Amino acid sequence: MSVAEPSWLPPALARPREERRFRLLAAVSLVVFVAFLAATAAGAPRETSSLVFSILVLPVPVVVWWAYRRAPADLRRPVLYCAWASTLWLAGSLVWYGVFLANGSEIPASPGIWDGCFVAARLLLIVAVVVAMRSFVSVRLATLDAVVIVAAGVALGAAFVGHGLDGEVSAASLFTLNRPILSVVTLMLIASAALSSWEGLRRSVVLLGLGEIGLTAGSLVYSYYAVQGDYVDDRWANVAWSAGALFSILAACVVILGIDRPIRLGPEKRLPDHPAGAGAVVLLTVGALAVTLGVAVYGQIAKVGSVTLSGTLGAVAIGLAMALRARSAILSAEKSSESIDRALALSERARDELSQAVSALQYANAVH
């Protein structure tokens with residue numbers, strides 16, 4: 001199945017009224033986000049910030065379950081996983097907010113019951129992305145791309161934490177790192193699909209990816225303060241997470257409105273059936289490898305063994321991912337070459353048969 005399958009492409013492009021509704025909803029979402037951002041920058045208390053974020057998360061599972069009822073057959077499974085993921089996200093947020101109020105508006109320390117909901121939601125979202133994109137892109141290559149970025153991110157995080165890894169940072173605070181790591185995995189799977197698909201991505205997947213940027217940013221902010229042992233202020237994390245919630249609502253709405261058209265992220269003119277982002281993948285991998293090696297060197301200079309080990313292991317993981325990706329590319333090239341050889345052999349055989357048929361026809365004409 002192609003992402004530009006004719007069964008869903010023409011209706012999506014012929015719905016001007018639904019497009020206007022979506023643009024209005026997008027404009028309202030932008031106004032809400034800007035207002036929340038301005039209030040946070042103006043010093044709104046964390047009680048207000050947590051309340052606003054909880055309110056913005058409330059409609060997410062409702063809209064996603066609605067999208068599941070309206071989704072085409074090829075999207076029903078991934079949207080179902082997204083619906084359960086959004087339900088768990090809401091449940092975790094409500095539990096967290098309840099504990100927050102019970103503690104006298106003090107941010108509760110992780111891990112807690114809500115973290116189980118968040119981790120399960122993250123894993124379900126990753127499964128949804130894999131199921132949605134496996135029909136038009138190699139999940140194996142996308143996973144290797146995610147490994148590259150996660151390895152670089154973990155090594156870079158180790159450098160920021162620094163000496164804390166040698167004993168000052170607790171295992172409980174390090175548990176919060178699952179949020180940004182799983183967010184980065186989800187984001188990289190979507191990015192890899194965008195770079196590897198020559199036909200484009202669904203509009204809903206693109207919006208989901210934009211939402212993942214906000215969720216990743218919020219998780220990074222929250223985990224950074226959690227690792228440092230500072231659970232005082234999560235207002236900026238709430239702003240970023242709210243952006244993720246709003247984009248999730250917009251992603252579900254394009255499915256509900258039937259305007260889930262494909263979006264091409266690469267140039268219009270390129271080789272047919274050729275991924276647009278091959279060069280970007282190479283640059284990204286080289287950059288990630290440079291980051292991990294730099295972290296290893298920094299750890300050696302600062303004489304922090306854990307940081308050196310993190311950078312070295314990250315570089316090894318990226319090297320293995322690069323080797324496996326290169327092997328896949330070689331095997332793919334060999335299969336393509338074999339397919340071309342078979343096609344040429346069939347073409348030669350067909351030409352010989354055609355020549356024989358022409359000769360027989362000429363002989364029959366002569367006899368006639």
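I looked up tryptophan 65 in this predicted model and found the residue partly exposed, with a relative accessible area of 27%. Tryptophan 65 and tyrosine 68 are three residues apart in helix H4 (residues 59-70), so about one helical turn separates them. I then turned to arginine 76, which lies over the face of tyrosine 68, at 4.3 Å from the ring centre.

Next I searched the whole structure for aromatic pairs, and the search gave seven. One of them joins phenylalanine 53 and tryptophan 241, whose ring centres are 5.8 Å apart and whose planes meet at 45°, so I noted the pair as tilted. Phenylalanine 53 belongs to helix H3 (residues 46-57) and tryptophan 241 to helix H11, so this pair ties together parts that are 188 residues apart in sequence. Tryptophan 65 and tyrosine 68 also form an aromatic pair, which is edge-to-face, with 6.0 Å from centre to centre and 90° between the planes. I checked burial as well: phenylalanine 53 counts as buried at 7% relative accessibility, and tryptophan 241 counts as buried at 10%. Phe53 and Trp241 form one aromatic cluster together with Trp89 and Tyr222.

I stayed with helix H11 (residues 235-256), where alanine 252 lies, and recorded this alanine as buried because its relative accessibility is 6%, which is under the 20% limit. Leaving aside residues up to four places away in sequence, alanine 252 touches Val63, Val64 and Ala67.

Last, I looked at alanine 41 in helix H2 (residues 16-41), which counts as exposed at 57% relative accessibility.

Conventions: Residues numbered from 1 in each chain as written. Predicted model: local features only at pLDDT ≥ 70, side-chain atom pairs only at ≥ 80, totals over all residues. Heavy atoms only, no water. Helix = DSSP H or I, 4+ residues; strand = E, 2+ residues; numbered from the N terminus. Buried < 20%, exposed > 50% of the residue type's maximum accessible area, 1.4 Å probe, protein only. Contact = heavy atoms within 4.5 Å. Phe/Tyr/Trp six-rings, centres within 6.5 Å; stacked < 30°, edge-to-face > 60°. Lys NZ or Arg CZ within 6 Å of the ring centre and 35° of its normal.
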